[in-house]
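Please consult the sequence and the structure together while reading.

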Amino acid sequence: MPANSPFPYDFIWGAATASYQIEGAAHEEGRGESVWDRFSATPGKVRNGDSGEIACGFYHGYRDDIGLMKELGLDAFRFSIAWPRIVPAGRGAVNQAGLDFYDRLVDELLAQDLEPFATLFHWDTPQALEDAGGWPVRATAEAFREYAAVVVQRLGDRVRFWTTHNEPWVHAWIGHAWGEHAPGRTSEADAVAAAHHLLLSHGWAAEEIRREVPDAQVGITLNLSHAYPASDSPEDEAAAWRVDGEGNRWLLDPIFRGSYPADLLDRNELVAPLVEDGDLQAIAAPIDFLGVNYYFRFVVSGGTDGPQMERIANAQETDMGWEVYPDGLYQLLMRVTRDYAPPAIYVTENGAAFGDVRVHDGRVHDPERTAYIASHIEAVSRAVADGAAVRGYFVWSLLDNFEWAHGYSKRFGIVYIDYPTLERVPKDSFYWYRDYIASARQAPRPSSVA
Ligand code: FCB
């Protein structure tokens, strides 16, 4: 380890983004419609009627943003590939211009010595597939496998780190049961079916990646929140276990154990008819890493209406209303290590929204975000010291961007975007992260020793 850093030399420092949130160019060069285009265009779904139509203009301005990554001293950039750019109708004809874009992006990252961490799906399903039944039907998993094969055939000679899905729980439940994300469905049965097909397609896509890229590092990213009982009463303990089952184990168990959690009987009833021979083997095929996205914890109490989420009085909260609780990340990393022993873990997202403003000196002073990131990196360092196989940390996000149903009203970036002009303004947290990364590497890295 470097003399003054709790992190090993080869620890990967990164920043994360997602296609729909940053690219814009929604109607350019053959891109098809996604469920997020349709959802954003539906009145009342996204705050202020915002959409990803222009977003941060990354599709055209990616070279300059890679310049910012260099200035930060990042090792890696996490981005996602927009399925409707590659297969605009979801199945069938491939759009070469879409592949060309990611080809140029990957080449520029590599030219600047940045490791591309590609995610195949960050929620922008082609609308044509939604019209044909969407993730609740099995055919969408088959379509995803075809799409994955096309992408790895093109990029697999240069991209080593592949994430199949980002946060299948969020896409399944918030998009299919709660109706707050695209595609805006409101059926628990649809959510359970969508989650199963997302997991199944993860397993199938992993097979495609391994076939094409022998030295690939393949993983999946989950949103995980450690669930704390509000007290040590048996009711609260049971409620916390239930929330852990619904939010964490429902995904972790199939991936690492090849079975759905036996205690979630109502969900098991919904999923059982969908599970075909071989599905759980495909889902549980070994992965190389688990991606963990962490923002907050759950504090849960039991009650006659089922588990209740408690809000902690006087806790610091972000602009999302999420409690700032860094030790929850430590506990989570240790728990995942103890119960599932992933060969490697990357914290693929962690960060905070605050109401940033650009002040008279032209800069953006965001001490709360810096404190948030610093305290969570410290939590990661404790987990590393205690034996968790964490190999990297990605801040969410490089840029302010389209925060789903909140539109542009929530700013997560370490770089401020002036949306009318798309000007980039690095925030104070950007300079803090740059200096932190540099200090974490005070000793020479192995590659520069030889
Ligand atoms: C995660 C998403 C990411 C971003 C952050 C704030 O759930 O993966 O796209 O919206 O939350």
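How many residues lie between β8 and β9 in the hairpin that they form? There are 6 residues between β8 and β9, and Gly306 in the turn has a positive phi of about 95°. Helices (H or I, at least four residues) and strands (E, at least two) are DSSP runs, numbered from the N terminus.

The model is predicted: local features need pLDDT of at least 70, side-chain atom pairs count only at pLDDT 80 or more, and totals for chains, interfaces and linings use all residues. Residues are numbered from 1 along each chain as its sequence is written, and side-chain values use heavy atoms, with hydrogens and water left out.

**The sheet**

Two strands pair if DSSP finds at least two bridges between them. Strand β6 (residues 227-229) runs parallel to strand β8 (residues 298-301), and 3 bridges join the two. On the other pairing, β8 and strand β9 (residues 308-309) are antiparallel over 2 bridges. Val300 takes part in both pairings: Val300 is the bridge partner of Pro229, and Met309 in β9 is the bridge partner of Val300. Ser301 stands opposite Gln308 in β9.

**The ligand site**

Around the ligand stand Gln21, His122, Trp123, Asn166, Glu167, Asn293, Tyr295, Glu349, Trp396, Glu403, Trp404 and Phe412, where a residue counts as near if one of its heavy atoms lies within 4 Å. This shell divides into 5 nonpolar, 4 polar and 3 charged residues; Ala, Val, Leu, Ile, Met, Phe, Trp, Tyr, Cys and Pro count as nonpolar, Asp, Glu, Lys and Arg as charged, and the others, Gly among them, as polar.

| Side chain | Distance to an oxygen atom of the ligand |
|---|---|
| Gln21 | 2.8 Å |
| Asn166 | 3.0 Å |
| Trp404 | 2.9 Å |

The protein covers 94% of the 300 Å² of accessible area that the ligand has on its own, as computed by the Shrake-Rupley method with a 1.4 Å probe.

**Backbone features**

Trp396, one of the residues around the ligand, is joined to Ser397 by a cis peptide bond with omega near 10°. Ser397 lies in the loop between β11 (390-396) and β12 (415-418). Another cis peptide bond joins Ala182 and Pro183, with omega of about 5°; Pro183 is placed in the loop between α8 (168-176) and α9 (188-212). Ala55 has a positive phi of about 50° although it is not a glycine, and Ala55 is found in the loop between α2 (35-40) and α3 (58-72).

Note on methods
A polar contact is a pair of N or O atoms within 3.5 Å; within protein, one must be able to donate a hydrogen and the other to accept it, and residues adjacent in sequence count only if both atoms are side-chain atoms.
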